[in-house]
Amino acid sequence: MNILTEGSVVQSEKFVNGILENGQLYVGDYEENSIFDFSKGTRANDFSRGDKKYVVIGCWEMEAAGIIMYQNRFLAKELNEDGTYNAKGEEINFSTAGVYRGSIRESDISIIKVMKKVFI
C-alpha cells in the first residue's frame with residue numbers, strides 16, 4: 001500500500017477539475033455542477049493537469065472535533081516536464097478524506113516516486 005507523504009510525486013486524472021478560492025486551487029473529484037453549494041470560488045478546470053506530475057510539499061491531518069469528521073489536506077507543486085522541481089509551478093490542494101465533496105480516492109492517485117528535499 002502506498003502512502004502519500006511529503007516528497008511523493010503524484011499524478012491523477014482527478015486533478016483536472018478545480019475550484020479557485022482565495023488564491024488557492026482546490027482540485028478533486030468534482031462533477032461539473034458541484035460548485036453550487038460547495039464554494040464561493042470560481043471554476044478552474046484544466047485538462048492538462050491530468051498528465052502533469054506534482055510533488056507533495058505539505059500534508060496536514062485534522063482530528064475529529066465534536067461532530068466534525070477527520071479531514072486531511074495535501075499541497076502539491078507542479079514539476080517540470082523532466083521531473084525536476086519547478087519553484088514557479090502551479091500549486092494544487094486536495095484531500096483523500098472521502099466524506100468531503102471533491103475528495104479524491106487514494107486509488108485514483110498514482111504515486112510515481114518519492115523525492116527528497118536537499119538543502120544547498
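This is a short tour of a predicted model, one selection at a time.

**Whole chain**

Start with the whole protein in cartoon view. Look for strands: there are eight of them, and zero helices. From the N terminus on, the elements read β-β-β-β-β-β-β-β. Of the 120 residues, 40% count as buried. Residues 24 or more positions apart account for 56% of them.

**Colour by confidence**

The protein averages 85, and 81% of the residues score at least 70. Select residues 33-37 next. Here the pLDDT is below 50. This stretch still has nine contacts in the model beyond near neighbours in sequence. Read it with care: where pLDDT is low, the predicted coordinates should not be read in detail.

Now compare the strands. Strand β1, residues 8-11, has the highest confidence, at a mean of 97. Strand β4, residues 42-43, has the lowest, at 85.

**The nonpolar core**

Which residues touch the most other members of the largest nonpolar core? Select Val10, Phe15, Ile92 and Phe94 to see them. The core has 14 residues in total. Then colour β3 (24-27), β5 (54-62), β6 (71-78) and β7 (91-94). Each of these strands supplies at least two residues of the core.

Stay on Phe94 and show its surroundings. Leaving aside neighbours within four places in sequence, Phe94 is in contact with Leu4, Phe15, Val27, Asn72, Arg73, Phe74, Ala76, Ile104 and Ile109.

**Asn93, next along the chain**

Asn93 is in strand β7. Is Asn93 buried or exposed? Its relative accessibility is 6%, so Asn93 counts as buried. Show its contacts beyond four places in sequence. Among them are Leu25, Tyr26 and Val27, and also Arg73, Phe74 and Leu75. Gln24 is in contact with Asn93 too.

Move to Gln24, in strand β3. Gln24 is partly exposed, with a relative accessible area of 31%. Beyond its neighbours within four places, Gln24 is in contact with Ile19 and Asn93. Draw a distance from Gln24 to Ile92, C-alpha to C-alpha. The two are 68 residues apart in sequence and 7.3 Å apart in space.

Step back to Asn22. This residue lies in the loop between β2 (18-21) and β3. Asn22 is exposed, at a relative accessible area of 74%. Check its backbone as well: Asn22 has a positive phi of about 50°, although it is not a glycine.

Select Ile57 and Gly58 together. Ile57 is found in strand β5, and Gly58 is in strand β5 too. Ile57 is partly exposed, with a relative accessible area of 31%, whereas Gly58 is buried, at 3%.

What does each one touch beyond four places in sequence? Ile57 is in contact with Glu6, Leu75, Ala76, Lys77, Tyr85 and Glu91. Gly58 touches Glu6, Arg73, Phe74 and Leu75.

Ile57 and Ser8 are 49 residues apart in sequence and 8.3 Å apart in space. Gly58 and Arg73 are 15 residues apart along the chain and separated by 8.2 Å.

**The largest pocket**

Keep Ile57 selected, as it is one of the residues that line the largest pocket. Colour the lining by class: six residues are nonpolar, one is polar and three are charged.

**Last stop: Asp46**

Finish at Asp46, in the loop between β4 and β5. Asp46 counts as partly exposed, at 26% relative accessibility. Leaving aside neighbours within four places in sequence, Asp46 is in contact with Val16 and Lys52.

Terms used
Residues are numbered from 1 along each chain as its sequence is written. This is a predicted model: local features need pLDDT of at least 70, side-chain atom pairs count only at pLDDT 80 or more; totals for chains, interfaces and linings use all residues. Side-chain values use heavy atoms; hydrogens and water are left out. A nonpolar core is a set of buried Ala, Val, Leu, Ile, Met, Phe, Trp, Tyr and Cys residues joined through side-chain atoms within 4.5 Å. Buried means under 20% relative accessible area, exposed over 50%, partly exposed in between (1.4 Å probe, protein chains only). Helices (H or I, at least four residues) and strands (E, at least two) are DSSP runs, numbered from the N terminus. Contact means heavy atoms within 4.5 Å. On a 1 Å grid over the protein atoms alone, a cavity is a set of points where a 1.4 Å probe fits but cannot get out, and a pocket is an open set with protein on both sides within 12 Å along at least five of seven lines; lining residues have an atom within 4 Å of a point. Ala, Val, Leu, Ile, Met, Phe, Trp, Tyr, Cys and Pro count as nonpolar, Asp, Glu, Lys and Arg as charged, and the others, Gly among them, as polar. pLDDT is the predictor's confidence in each residue, from 0 to 100.
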